[in-house]
Amino acid sequence: IPVVNLERGGDDDTISVQCDNYQGGKLAAEHLIECGCKNLLHFGGVAGKDMPADRRADGFLRVCRERGIEGEVLLSDRLSYGSMHYESYIEKGLLEHPETDGIFASSDLIAAQVLQCLYAMGKRVPEDIKVVGFDDTVIAGITTPSITTIHQPIEEMSELSIAYIDRRRKGEMVPNVTTMPVSLVVRGSA
């Protein structure tokens with residue numbers, strides 16, 4: 001039975017379709033820096049769990065180093081990741097890094113919760129702190145302010161995954177890893 005991992009790591013014998021997570025991290029950091037941010041924070045992946053999305057932090061940190069900007073990556077615990085409730089993780093990170101003026105969240109869901117935490121702390125977005133998310137999901141367009149985000153081509157990745165399954169069922173060869181480009185979508189949060 002052909003299997004395609006969509007935005008998940010696999011072993012050498014599996015097929016994987018991913019977005020360019022590394023480029024997404026770079027785009028997010030570059031945009032925040034271009035907006036004038038000097039102290040960046042990335043609410044990233046899960047401690048102790050390696051995923052393709054972790055490359056977002058790698059791209060983010062590379063740009064920070066190259067530009068001489070302070071950049072810090074914070075990892076969530078498995079409980080926050082599993083429940084999708086990141087509030088305490090975000091609040092702790094913001095309190096430990098009060099100088100933060102730009103945030104890159106590894107998903108739009110985390111970015112929306114960042115907006116809520118910042119609002120509760122009396123911080124204005126984008127005036128005090130700018131925020132960039134990742135995925136370009138529906139939530140990015142319905143928050144206040146709407147979330148500047150990295151567009152992940154989910155529809156195209158899904159279609160390609162189905163095509164690869166069909167091709168493998170016919171005995172055709174397909175690449176082990178396919179990486180699709182991402183793009184920046186500028187909205188109100190940065």
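This is a predicted model: local features need pLDDT of at least 70, side-chain atom pairs count only at pLDDT 80 or more; totals for chains, interfaces and linings use all residues.
Helix H5 spans residues 108-120 and comprises 13 residues. The distance from its first C-alpha to its last is 18 Å, close to the 18 Å expected at 1.5 Å a residue. The buried residues of H5 are Asp108, Ile110, Ala111, Ala112, Gln113, Val114, Leu115, Cys117 and Leu118. These buried residues pack against both strands and helices. The strands in question are S3 (39-46), S5 (102-105), S6 (130-135) and S7 (148-151), and the helices are H4 (87-96) and H6 (138-142). Just after H5, Gly122 adopts a positive phi of about 80°.

Helix H7 (154-169) contains 16 residues and reaches 23 Å from its first C-alpha to its last, close to the 22 Å expected at 1.5 Å a residue. Met157, Ser161 and Tyr164 are the buried residues of H7. They cover an arc of only 65° around the axis and therefore lie on the same side of H7. The face turned away from this buried side carries the exposed residues Glu155, Glu159, Ile162 and Arg169. Packing of the buried residues of H7 involves strand S1 (4-6), strand S2 (15-19) and S8. Gly171, which follows H7, has a positive phi, near 85°.

Val174 is located in the loop between helix H7 and strand S8 (177-180). Its relative accessibility is 10%, and because buried means under 20%, Val174 counts as buried. With neighbours within four places in sequence left aside, Val174 is in contact with Ile15, Tyr164, Arg167 and Arg168. Val174 and Thr100 are separated by 74 residues in sequence and by 44 Å in space, C-alpha to C-alpha.

Side chains of opposite charge can pair when their charged atoms come close. The count of salt bridges in the model comes to eight. Among them is the pair formed by the side chains of Glu96 and Lys92, with an N to O distance of 3.3 Å. Both residues lie in helix H4, four residues apart, about one turn of the helix. Glu96 has a relative accessible area of 46% and is partly exposed, whereas Lys92, at 51% relative accessibility, counts as exposed. The cut-off for exposed is over 50%, so Lys92 at 51% falls in the exposed class and Glu96 at 46% in the partly exposed one.

A further salt bridge joins Asp128 to Arg124, and the closest N and O atoms of this pair are 3.0 Å apart. Asp128 is partly exposed, with a relative accessible area of 30%. Arg124 likewise counts as partly exposed, at 47% relative accessibility.

Asp166 forms a salt bridge with Lys170, in which the closest N and O atoms are 3.2 Å apart. Asp166 counts as partly exposed at 35% relative accessibility, while Lys170 is exposed, with a relative accessible area of 57%.

Definitions and conventions. Residues are numbered from 1 along each chain as its sequence is written. Side-chain values use heavy atoms; hydrogens and water are left out. Helices (H or I, at least four residues) and strands (E, at least two) are DSSP runs, numbered from the N terminus. The expected span of a helix is 1.5 Å times one less than its number of residues. Buried means under 20% relative accessible area, exposed over 50%, partly exposed in between (1.4 Å probe, protein chains only). Contact means heavy atoms within 4.5 Å. The arc is that of the directions from the helix axis to the C-beta atoms. A salt bridge is a side-chain nitrogen of Lys or Arg within 4 Å of a carboxyl oxygen of Asp or Glu.
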